[in-house]
Amino acid sequence: MRQRGLDVAVHTTPPPLDPDLRARVHAWLRRHGRPTEGLHPLTERRYAARYRAYRTEMGAVWAAAGVVAATVVWQLVTRETPGTATTLAWFVAAYLVLAGGSLLGLRRQRLADRTTAAAVPERVARPVAVGPRELLGGWLLLAAAVAYPGAVVVGVAALVAADRSADRATAVAFLVAVAFFAGYAAAVLADALRRPTLATDRRTLSDDEALRREDAGLAVAPYLAVLALVAGVGTAPGSWLLWLYLGYAAAAAVTWAAWQRAQRRAATAATDRTVS
């Protein structure tokens with residue numbers, strides 16, 4: 001791979017997307033408030049990688065939501081009291097689904113990016129590396145503060161104060177999930193900060209920076225909020241543990257949605273500046 005200065009445009013681009021895939025990627029971007037007009041073929045291909053990863057991750061989220069529904073149905077049909085070994089098993093199943101989906105989605109994205117990069121042997125170099133200040137915004141930091149320290153507080157409180165062994169076991173499993181997804185978030189942020197620039201001109205260099213910011217948002221994806229829902233459903237009705245888990249899930253989901261809204265506004269503002 002050769003890198004050139006920013007003042008030199010490199011006329012090497014990967015092949016265009018399949019028309020059907022291109023239409024689905026553009027529809028996905030519009031649903032998420034992202035601009036689609038005039039996308040460079042290189043950027044389109046990179047968004048296609050994220051679209052496939054997103055489908056994998058959302059499949060895992062919906063599967064975990066199915067576990068929540070199955071837990072409720074199981075309790076209604078069997079009249080089993082929440083907070084038993086069975087409800088703990090439902091929680092572990094949801095955790096494994098989410099963990100597997102997040103890792104698979106990330107791997108698919110990285111492999112697709114490497115394939116795209118191989119088709120662009122010459123690139124332009126960014127004069128100054130992207131730093132944490134450019135990558136992280138206030139909403140992302142707030143969402144991360146709620147998602148991880150907040151989850152630790154919830155898990156420890158449930159572990160210390162629970163009076164049933166199944167509830168304590170669920171709290172331990174929840175803290176294990178927090179540790180896993182914190183490591184996942186660290187890997188996502190490290191990749192967004194350190195990976196080589198993939199751009200052929202100023203336009204795709206700007207797209208590369210936008211993709212880094214969007215990829216960093218995976219660090220606050222609401223996986224733990226979904227797991228908190230599963231844990232809450234598995235506690236006794238009316239228990240303070242139920243409201244603890246549900247309150248955390250609501251706070252994590254709201255701050256994540258606020259970050260998503262801020263990203264859409266930033267993307268729209270960047271597009272307006274480019275057009276003007």
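Trainee: What is the relative accessible area of Arg110?

Mentor: The model is predicted: local features need pLDDT of at least 70, side-chain atom pairs count only at pLDDT 80 or more, and totals for chains, interfaces and linings use all residues. Buried means under 20% relative accessible area, exposed over 50%, and partly exposed in between (1.4 Å probe, protein chains only). Arg110 is partly exposed, with a value of 28%.

Trainee: With which residue does Arg110 form a salt bridge?

Mentor: Residues are numbered from 1 along each chain as its sequence is written, and side-chain values use heavy atoms, with hydrogens and water left out. A salt bridge needs a side-chain nitrogen of Lys or Arg within 4 Å of a carboxyl oxygen of Asp or Glu. The closest N and O atoms of this pair are 3.9 Å apart. The partner of Arg110 is Asp191.

Trainee: How many residues apart in sequence are the parts that Arg110 and Asp191 tie together?

Mentor: Helices (DSSP runs of H or I, at least four residues) and strands (runs of E, at least two) are numbered from the N terminus. Asp191 is partly exposed, at 22% relative accessible area. Arg110 lies in helix H3 and Asp191 in helix H7, so the sequence separation they bridge is 81 residues.

Trainee: How many salt bridges does a search of the whole structure find?

Mentor: Side chains of opposite charge can pair when their charged atoms come close. Here Arg46, Arg50, Arg110, Asp113, Asp191, Arg195, Asp208, Arg212 and Asp215 are linked in a network of such bridges. The search of the whole structure gives a total of 11.

Trainee: In which helix is Glu44 found?

Mentor: Glu44 is buried, with a relative accessible area of 6%. Beyond neighbours within four places in sequence, Glu44 is in contact (heavy atoms within 4.5 Å) with Leu17, Arg22, His26 and Leu39. Its helix, residues 41-78, is H2.

Trainee: How many of the 11 residues of H9 are buried?

Mentor: H9 runs over residues 223-233 and is mostly covered. Its buried residues include Tyr223, Leu224 and Leu227. All three are in contact with Phe181. The buried count for H9 is 9.

Trainee: What distance separates the C-alpha atoms of Ala225 and Ala249?

Mentor: Ala225 sits in H9 and counts as buried, at 7% relative accessibility. Leaving aside neighbours within four places, its contacts are Tyr248, Ala249 and Ala252. Ala225 and Ala249 are 24 residues apart along the chain, yet their C-alpha separation is 4.2 Å.

Trainee: Which helix gives the largest share of the nonpolar surface patch?

Mentor: Patches take residues with over 30% relative accessible area and no salt bridge; like charges are joined within 9 Å, nonpolar side chains (Val, Leu, Ile, Met, Phe, Trp, Tyr) within 5 Å. This patch covers about 460 Å² and is made by Val152, Val156, Leu159, Val160, Val172 and Val176. Helices H6 (149-161) and H7 (165-194) each give two or more residues. The largest share, 4 residues, comes from H6.

How values were computed
Accessible areas come from the Shrake-Rupley method with a 1.4 Å probe; for residues, only the protein chains shown count as cover.
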